[in-house]
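Thanks for coming. Please have the sequence and the structure open.

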Amino acid sequence: MSEVKNILRKAEESVEISPAEALILMKLTGKNFARLQQVADQICIEKKNNIVTFVVNRNINFTNICYQGCKFCSFSVSNKNKESFLKTIEDIREDIIEAKNAECTEVCIQGGINPELDFDYYVEILKTVKEIDSNIHSHAFSPQEVFHMAKLYGTSIKNVLKELKKAGLDSMPGTAAEILVENIRRVICPNKITTSQWIDVIKSAHELGIPTTSTMMYGHIEDLQDRIEHIEVIRNIQKETSGFTEFVPLPFVSENPLLSKLTEFPLKPSYGMADLKLFSVARIFFNNYIDNIQCSWVKLGPKFAQVSLNYGVNDFSGTLMEENISKSAGAEFGEYLTPDEMISIIKAAGKRPVQRDTLYKLLKFY
Ligand code: SF4
């Protein structure tokens, strides 16, 4: 039996595949690529009952002032920039009320690392969500933001998380992960938390009963081996904590960022087939560990996101309402898909649309 057949047979039998085997799958073409798709889709259909979920949510980006200088980011500006903004708690209150009126079950709250903010501001945001509607799920603050809060206010990561949880934090986005490989991070985000700091924040959150998502930004200067190293880090954490709700591959949007102009580190863009292989391999690699693989329609575009639903992806992410981060980087797709649009897209992919909450409780079948 050929090596590829053997790996795919393991996948079909729910036997864990190794990072080296995942790397082989990431390189498939032709008939083997088609076979990879079939296996990933079949596992997904069986595991999720042919259901593709989405969440009705609203993003709230409270400030774009940030001095971290990540080279892939076009969202952040200095406080002198005329496009800079910092929302007051009253502005955020209005956003949350708008989310409630649109029947959002979740608000996703993230912002730049703005040194003008004190800890009370973050706490106040969370309290405001619960004051308006205690049923709205607060999905808030990246590991980078939590690390920043701990450093700035001279306390431990765990203390920060405990305070945030007390104020109403329900779960966290596993963003700021980018690629969890140090030599890549040193180029693309030299001032950001390291891999081990990211792991520390995530594990601390999981230990305190705060679930998180897991993400990977790919298609910039990393190679396939780096992607494999990244997903291995994620799987190893999940084996210990079971705290990840989903894995979200996020393609690098290259229209504006500085990273596109670094001649010494040329971009290695990810084209369609590489994206599809990544989704399929993620489904197989995380099988029995992370049940949900999410596509980002904002970055992929609704058409390609729909295609991904046949390559191991079972979640179409959220309606969003406000999306500044990808838009600043040059993503051309809108800020909002209505639930009806999502339902049509999912149905046309031959899948069954279901609205879910943040923690994947199924809410409404269509
Ligand atoms: S990615 Fe986040 S931390 Fe990095 S510069 Fe942009 S806003 Fe700041």
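Is the crossing of H1 and H2 left-handed or right-handed? The crossing of these two helices is left-handed. Before I go further, note that this is a predicted model.

Let me stay with that pair. Helix H1 covers residues 3–12 and helix H2 covers residues 19–26. Their axes lie 10 Å apart, and the packing angle is about 115°. H1 and H2 are therefore roughly perpendicular to each other. On the H1 side, the contact is made by Glu 3, Val 4 and Ile 7. On the H2 side, their counterparts are Glu 21, Ile 24 and Leu 25. By class, the residues of this contact are 4 nonpolar and 2 charged, with no polar ones.

Helix H9, residues 195–207, packs against helix H10, residues 224–241. Here the angle is about 25° and the axes are 11 Å apart. That angle makes H9 roughly parallel to H10. The crossing of H9 with H10 is right-handed. H9 contributes Thr 195, Ile 199, Ile 202, Lys 203 and His 206 to the contact, and these meet Val 233, Ile 237 and Thr 241 in H10. Sorted by class, the residues of that contact come to 4 nonpolar, 3 polar and 1 charged.

Now the sheets. One of them is an open sheet of 4 strands, in the order E7-E1-E8-E9, and its pairing is mixed. Why is one side of E7 and of E9 left without a neighbour in the sheet? Strand E7, residues 315–318, and E9 stand at the edges and have a single partner strand each, so one side of each has no neighbour in the sheet. From one strand to the next, the twist averages 30°.

Inside this sheet, follow strand E8, residues 352–356. With strand E1, residues 51–55, E8 pairs in the parallel sense over 5 bridges. With strand E9, residues 362–365, E8 pairs in the antiparallel sense over 3 bridges.

Which helix lies across E1, E7 and E8? That is helix H15, residues 339–348, and H15 runs at about 145° to E8.

There is also an open sheet of 3 strands, ordered E2-E3-E4, with parallel pairing. Strand E2, residues 57–61, and strand E4, residues 137–140, are at the edges with a single partner strand each, so one side of each is left without a neighbour in the sheet. Neighbouring strands of this sheet are turned by 20° against each other on average, with direction ignored. Strand E3, residues 106–110, runs parallel to E4, and 4 bridges join the two. Helix H4, residues 89–101, lies across E2 and E3 and runs at about 170° to E2.

I will take questions now.

Technical notes
Residues are numbered from 1 along each chain as its sequence is written. This is a predicted model: local features need pLDDT of at least 70, side-chain atom pairs count only at pLDDT 80 or more; totals for chains, interfaces and linings use all residues. Axes are lines fitted to C-alpha atoms, for helices over the stretch in contact, and angles run from 0 to 180 degrees between N-to-C directions. Angles under 35 degrees count as roughly parallel, over 145 as roughly antiparallel, 65 to 115 as roughly perpendicular and the rest as oblique. A crossing is left-handed if the near helix is turned anticlockwise from the far one by less than a right angle, and right-handed if clockwise. Two residues are in contact if their C-beta atoms, placed from the backbone, lie within 7 Å. Ala, Val, Leu, Ile, Met, Phe, Trp, Tyr, Cys and Pro count as nonpolar, Asp, Glu, Lys and Arg as charged, and the others, Gly among them, as polar. Two strands pair if DSSP finds at least two bridges between them.
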